[in-house]
Amino acid sequence: MTDENTRPSGPFRFGDRVQLTGPKARLHTITLRAGGELHTHHGVLKHEQLVGQPDGSVVANSGGHEYLALRPLLRDFVMSMPRGAAIVYPKDAAQILAEADIFPGATVVEAGVGSGALSLWLLRAIGAEGRLVSFERRDDFAAVAKANVETFTGAAPANWDVVVGDLATELPQTVAAASVDRVVLDMLAPWECIDVVADALTPGGVVVCYVATATQLSRVAEYIRATGLFTEPDANETMVRGWHVEGLAVRPDHRMVAHTGFLVWARRLAPGAVPPEVKRRASKSSYGDEDVELWTPGAVGDRQITDKNLRKRVREAERAAEGARLAAADAQGEAARHDDGGTEEAGRTA
Ligand SMILES: C[S@@+](CC[C@H](N)C(=O)[O-])C[C@H]1O[C@@H](n2cnc3c(N)ncnc32)[C@H](O)[C@@H]1O
């Protein structure tokens, strides 16, 4: 994916996708074609004007309006490409690559393929020497994903297979047992696929599940744990908060994407391996008197109020309430007086 013709750098060539930022920061994404033109109500920009120009150039259209031309980055592309299913956001894709330890040359299985956003990140991380097998049970989504990947890479990658069908039934028929380095599951019910994933993974291999809700997180983690075939599952979520950095106005953005999903991951044990028991505290789902003691106000550092102080607070609160009652009564009296005056006035004018 990174030879001289497919590198996402160097002067623009025909066939390149280019993101143009024009007047009022409006974005247009075009694919450079011989004879191609971008028509807007500001004028016409000929594609030829861009060919041979370095990435990051500014060109003017027939109306003299200027456009900044840049090749879209992968994160720009996935955020704007057509979607069948919801995509993995770039912040989570980056984290998946790290937690799943996706490496150049790896054999990776992914399901479901959805819109192909994660497939693009995985393909980039495994490189030309790696192999990606993506499973998707909806053929319409698989078609969207294939088209998206081809649009970005320029051709269907030779090291990528898309299998239409359910991972639970298709995986054992597609890959040899213990031959897969990494598995990434992004689906509603990943626990339904953990058994076949355990068979496909090589010892030491990693499974990562991306799930949207805490109940899915719990269910898949407990399933992984109960198989006894994996290390203890780990989990996390990634929150990214943008910052506005301009002059003295340096502060977090007012808005952020607060929730996308959780990651849970574990490693495949060697066949028959039983990890040494880790001494753990009593399960957090049950508790005894000792635990309750730990949560007494004294133990958690809550200051205890004396009886005398409490009586004083009660008197203060009652005085404040009495003051509020008097103020409300005054206000009512005042309003009534105004009403009477109003009627008299009205009577006089009538
Ligand atoms: C949220 S989407 C995946 C999005 C994708 N990771 C992306 O970044 O574009 C979930 C997909 O999983 C597919 N799916 C759910 N369960 C599946 C299964 N058992 N086998 C194969 N695909 C499955 C669904 O059809 C759906 O397209």
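The legends below describe close-up views of a predicted model of one chain.

**View 1. The chain as a whole.**
The secondary structure of this predicted chain comes to 9 helices and 15 strands. The chain has 350 residues, and 28% of them count as buried. Among contacts between residues at least 6 apart in sequence, 62% join residues at least 24 apart.

**View 2. The sheet of 7 strands.**
An open sheet is built from 7 strands in the order β9-β8-β7-β10-β11-β15-β12, and the pairing is mixed. The edges are taken by β9 (160-164) and β12 (234-237); each has a single partner strand, so one side of each is left without a neighbour in the sheet. On average, neighbouring strands of this sheet are turned by 15 degrees against each other, direction ignored.

Which strand is joined to β12 by 4 bridges? That strand is β15 (residues 262-267), and the two run antiparallel. Within this pair, Asn236 has Leu263 in β15 as its bridge partner. In a regular strand the side chains alternate between the two faces of the sheet.

**View 4**
Helix α7 (residues 214-227) lies across β11 (201-211), β12 and β15, and runs at about 5 degrees to β15. In the sheet, β12 is joined to β15 by 4 bridges. Helix α4 (residues 139-153) packs on the sheet and touches β8 (131-136) and β9. The direction of α4 makes about 165 degrees with that of β9.

**View 3. The crossing of α2 and α3.**
Two packed helices are described by the angle between their axes and the distance between the axes. Here the axes of helix α2 (residues 90-99) and helix α3 (residues 117-126) come within 10 Å and cross at roughly 45 degrees. This angle makes α2 oblique to α3. The crossing in which α2 passes α3 is right-handed. On the α2 side, the residues that meet α3 are Ala93, Ile96 and Leu97. Their counterparts in α3 are Ala117, Leu118, Trp121 and Ala125. By class, this contact of α2 with α3 has 7 nonpolar, no polar and no charged residues.

**View 4. The buried residues of α2.**
Which residues of α2 are buried? They are Asp92, Ala93, Gln95, Ile96 and Leu97. The buried residues of α2 pack against α3, β10 (180-185), β11 and β15. An α-helix has 3.6 residues a turn, so residues three or four places apart point the same way.

Most residues other than glycine have a negative phi, and most peptide bonds are trans. Asp101 has a positive phi of about 55 degrees although it is not a glycine. Is Asp101 buried, exposed or partly exposed? Asp101 is partly exposed, because 15 other C-beta atoms lie within 10 Å.

The peptide bond from Ala111 to Gly112 is cis, with omega near -15 degrees. Gly112 is placed in the loop between β7 (107-111) and α3.

**View 5. The sheet of 4 strands.**
Another open sheet has 4 strands in the order β2-β1-β6-β5, with antiparallel pairing. Its edge strands are β2 (27-31) and β5 (57-60), each of which pairs on one side only. From one strand to the next, the twist averages 30 degrees.

**View 6. The loop between β1 and β2.**
Ala25 is found in the loop between β1 (17-21) and β2. Although Ala25 is not a glycine, its phi is positive, at about 60 degrees. Ala25 counts as exposed because it has 7 C-beta neighbours inside 10 Å, and a residue is exposed if the count is 12 or fewer.

**View 7. The hairpin of β13 and β14.**
Strand β13 (residues 243-246) is joined by 4 bridges to strand β14 (residues 249-252), and the two run antiparallel. They form a hairpin with 2 residues between them. Glu246 has Ala249 in β14 as its bridge partner. In the turn, Gly247 has a positive phi of about 55 degrees.

Notes:
Residues are numbered from 1 along each chain as its sequence is written. This is a predicted model: local features need pLDDT of at least 70, side-chain atom pairs count only at pLDDT 80 or more; totals for chains, interfaces and linings use all residues. Two strands pair if DSSP finds at least two bridges between them. Axes are lines fitted to C-alpha atoms, for helices over the stretch in contact, and angles run from 0 to 180 degrees between N-to-C directions. Two residues are in contact if their C-beta atoms, placed from the backbone, lie within 7 Å. Angles under 35 degrees count as roughly parallel, over 145 as roughly antiparallel, 65 to 115 as roughly perpendicular and the rest as oblique. A crossing is left-handed if the near helix is turned anticlockwise from the far one by less than a right angle, and right-handed if clockwise. Ala, Val, Leu, Ile, Met, Phe, Trp, Tyr, Cys and Pro count as nonpolar, Asp, Glu, Lys and Arg as charged, and the others, Gly among them, as polar. A residue is buried if 20 or more other C-beta atoms lie within 10 Å of its own, exposed if 12 or fewer, and partly exposed in between; C-beta atoms are placed from the backbone.
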